[in-house]
Amino acid sequence: MTTLLLIRHGENDFVGRRLAGRLPDVHLNAVGCSQAEAVASMLHNEPITAIYASPLERTMETAKPLARDLYLSIQIHTGLLEVDFGNWQGKSITYLKRLKLWPMVQKHPSQVRFPAGESFVEAQQRVVAALEEIRKAHPENERVACFSHCDTIRLAVAHYLDMPLDAFQRLNIQPASITRLQFVDDRIILQQVNQVAIAPAEPA
């Protein structure tokens with residue numbers, strides 16, 4: 001029995017405003033750094049045996065406090081990378097909503113390939129292959145943290161729940177949230193979805 005903890009990176013200045021995609025040098029902001037510490041606080045007593053992360057800065061920075069607290073190294077896995085949004089990368093959400101492809105992204109994502117990027121189908125296959133590789137590397141009652149991105153986590157959960165890809169955006173995966181998948185023999189159990197780590201309040 002293996003449990004995978006799928007953890008979205010914390011907030012950065014792109015969230016809700018621009019599509020960061022795979023742009024370099026997108027770092028956690030102050031809120032995101034507090035969220036990363038909250039994730040570590042929430043999980044530091046759990047028997048986590050390994051930590052994997054997308055190589056992007058915001059995921060690595062979110063994973064760092066947990067790795068510090070558990071004395072574990074962060075293993076980079078490119079399969080956990082954000083969707084390759086191609087030419088959409090870096091654009092504002094306001095601008096993207098005016099494009100003809102936007103309604104297809106929202107209603108029929110299974111039919112979408114991003115210009116000069118990948119399709120949602122390819123992204124789902126990639127992240128599921130990565131999680132299966134990680135799961136098979138940790139088969140004996142292990143608990144593994146995987147730091148990734150909103151759409152990749154939603155695509156993975158949709159796959160394991162046998163949801164149509166066109167419905168994957170109904171899943172809510174907030175920054176610094178934890179989603180738990182447990183693999184028991186041939187069964188997959190969604191133990192928890194979108195458990196948000198609450199950052200400590202600033203002192204008055």
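In the predicted model, L6 makes contacts beyond its neighbours within four places in sequence with L131, C146, I153, A156, V157, S177, I178, T179 and L181. L6 belongs to the largest nonpolar core, a set of 36 residues in which L6, F120 and L131 have the most contacts. At least two residues of this core are supplied by each of β1 (2-8), β2 (48-53), α4, α5, β4 (143-148), α6 (150-160) and β5 (177-184). Another core lies apart from this one and comprises 18 residues, including L5, A53, L70 and A197.

L6 also takes part in the lining of the largest cavity, together with L80, V127, L131, C146, S148, T152, I153 and A156. The volume of this cavity is about 40 Å³, and the structure holds one cavity of 30 Å³ or more. Two or more lining residues are given by each of α5, β4 and α6, with α6 providing the largest share, three residues. Seven of the lining residues are nonpolar and two are polar, whereas none is charged.

Six aromatic pairs are present in the structure. The ring centres of W88 and F114 are 5.2 Å apart and the ring planes meet at 70°, so this pair is classed as edge-to-face. Because W88 is located in the loop between β3 (74-76) and α3 (93-96), and F114 in the loop between α4 (102-107) and α5 (120-137), the pair ties together parts separated by 26 residues in sequence. W88 and F114 are both buried. F114 forms a further edge-to-face pair with F120, with a centre-to-centre distance of 5.2 Å and an angle of 75° between the planes; both of these residues are likewise buried. Through such ring pairs, F85, W88, W102, F114, F120 and F168 are linked into a cluster.

The largest pocket has a volume of about 640 Å³. Its lining consists of 28 residues, and those nearest the centre of the pocket are L19, I93, C150, D151 and R154. The elements α3, α4 and α6 each give two or more residues to this lining. By class, the lining of the pocket comprises 15 nonpolar, seven polar and six charged residues.

Note on methods. Residues are numbered from 1 along each chain as its sequence is written. This is a predicted model: local features need pLDDT of at least 70, side-chain atom pairs count only at pLDDT 80 or more; totals for chains, interfaces and linings use all residues. Side-chain values use heavy atoms; hydrogens and water are left out. Rings of Phe, Tyr and Trp (its six-membered ring) pair if their centres lie within 6.5 Å; planes under 30 degrees apart count as stacked, over 60 as edge-to-face and the rest as tilted. Helices (H or I, at least four residues) and strands (E, at least two) are DSSP runs, numbered from the N terminus. Buried means under 20% relative accessible area, exposed over 50%, partly exposed in between (1.4 Å probe, protein chains only). A nonpolar core is a set of buried Ala, Val, Leu, Ile, Met, Phe, Trp, Tyr and Cys residues joined through side-chain atoms within 4.5 Å. Contact means heavy atoms within 4.5 Å. On a 1 Å grid over the protein atoms alone, a cavity is a set of points where a 1.4 Å probe fits but cannot get out, and a pocket is an open set with protein on both sides within 12 Å along at least five of seven lines; lining residues have an atom within 4 Å of a point. Grid points are joined across faces, edges and corners, and a volume is the space filled by probe spheres set on the points. Ala, Val, Leu, Ile, Met, Phe, Trp, Tyr, Cys and Pro count as nonpolar, Asp, Glu, Lys and Arg as charged, and the others, Gly among them, as polar.
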